[in-house]
2 protein chains.
Amino acid sequence: MPRAVVLLSGGLDSTTALAVARSAGYQCHALTVRYGQHHAVELDAAARVAKALEAAEHRVVSVDLSTLAASALTTGGTIPKNRSLAEIGAPGDVPPTYVPARNTVLLSLALAWAETLEARDIYLGVNVLDASGYPDCRPEFVRAFESLAQVATRAGNIRVHAPLIELTKAQIIELGRSLGVDYAMTHSCYDPVGDRACGRCDACALRRKGFFEAGVPDPTRY
Amino acid sequence: MPRAVVLLSGGLDSTTALAVARSAGYQCHALTVRYGQHHAVELDAAARVAKALEAAEHRVVSVDLSTLAASALTTGGTIPKNRSLAEIGAPGDVPPTYVPARNTVLLSLALAWAETLEARDIYLGVNVLDASGYPDCRPEFVRAFESLAQVATRAGNIRVHAPLIELTKAQIIELGRSLGVDYAMTHSCYDPVGDRACGRCDACALRRKGFFEAGVPDPTRY
């Protein structure tokens, strides 16, 4: 089986990306990056998901972005709550939960591991619909990183897969369920209390919308 | 003064890049990344250089590449010694000191800080002549990262400067001296003993060649 590196936060999207990579026949090497944001509940979720979806291995690497990348997720600040779906991802709006260059950092670490493993495939769960308007979740970002990877490594020939990029949250959930994903083990909330999701941040709002539109009971514990 | 982020290892090249950025009128924010390779002597050199060249600030950030990126510098293994200048950087040769995706990781962290600082300029000291044949030191790599940076960030409009990229080591030393750099404070060796350079690794060989060809006394302590 060919190897793939899969970026795994333990959230709904990256869990689905892992399920897609697995169903495509890859031996999956799951990578979780602690960048200053992680609550223990997220790391627990990533570990659960990696095990349930039979990743070949799961590594957790730390990089302290809080010293470099100002964001409500890394350096403190107010996480927006109770925003309407019209507000979330409105054109031109980049909310304070955006972490500068986060996905570039995550993909660069995935690339380092992929080159070491002689894996040619990297999966990540970004999506541009039902998302928060982060610049590094757009198709042009993924394509630009893939172009970079060709010249940044010895062998080149690296593919960056973002299989969810043009799916709605409901479509992502439907895709995951068709692949046997149990979303009860995932965690999306930006501001959990213990293992309970807040239910009011943008991540919770988009997740709830997804389950509602997919007509699937929401297994999240609020 | 506009701000620039300058990647600073404390070696000859990155020190010169910092001097160039400073002479171009930037307020320089120096970034040293500990990725599993650093000896204390390198961090000391970076701190000395940042101070001597009047960086506005100097930050040191750790990311443990040794768990992801196999290399003689990060995970152990034999550092080549006593190689001829013909062997070092021979076409197609990538030595075991190559760290997979290292410069992609370094630039991604520099990009995160640049976006936070609202700096539009990033400097790094890579060069393709008198170098070890690493893929991520080539002009096409620098251009590809600059293209990525346009779409990876909110505002785009980021420039990645590699002012040494087509200079020989001797030309780099001449440039630095014209800008007042004292190379005695820099450290290049891959395998130092205490604060002494080994004199036999590829980094030492290229450095010695540079001072020889520039007709400048080599201030390195071997």
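This is a predicted model: local features need pLDDT of at least 70, side-chain atom pairs count only at pLDDT 80 or more; totals for chains, interfaces and linings use all residues.
Seven positions are named as the buried residues of H4(A): A:Phe141, A:Val142, A:Ala144, A:Phe145, A:Leu148, A:Ala149 and A:Ala152. Viewed down the axis of H4(A), these residues fall within an arc of 160°, so they line one face of the helix. Their packing partners come from both chains. In chain A, the buried residues of H4(A) pack against H3 and strand S5 (159-161). In chain B, they pack against helix H3 (102-117) and helix H4 (139-152).

The contact between the chains involves 35 residues of chain A and 35 residues of chain B. On the chain A side, strand S3 (57-62), helix H3 (102-117) and helix H4 (139-152) each supply at least two residues. H3(A) gives the most, with nine residues. By class, this side of chain A holds 21 nonpolar, seven polar and seven charged residues.

The two copies are related by symmetry. A rotation of 180° with 0.0 Å of shift along its axis superposes chain A on chain B, with an RMSD of 0.0 Å. That is the relation of a two-fold axis. Both copies use the same surface: 100% of the contact residues of chain A recur in chain B. Among the residues of chain A, A:Val63 comes closest to the rotation axis, with its C-alpha at 2.4 Å.

Methods:
Residues are numbered from 1 along each chain as its sequence is written. Chains are lettered from A and ligands numbered from 1 in the order in which they are written. Two residues are in contact if their C-beta atoms, placed from the backbone, lie within 7 Å. Helices (H or I, at least four residues) and strands (E, at least two) are DSSP runs, numbered from the N terminus. Ala, Val, Leu, Ile, Met, Phe, Trp, Tyr, Cys and Pro count as nonpolar, Asp, Glu, Lys and Arg as charged, and the others, Gly among them, as polar. Copies are superposed by least squares on the C-alpha atoms of residues with pLDDT of at least 70 in both. A residue is buried if 20 or more other C-beta atoms lie within 10 Å of its own, exposed if 12 or fewer, and partly exposed in between; C-beta atoms are placed from the backbone. The arc is that of the directions from the helix axis to the C-beta atoms.
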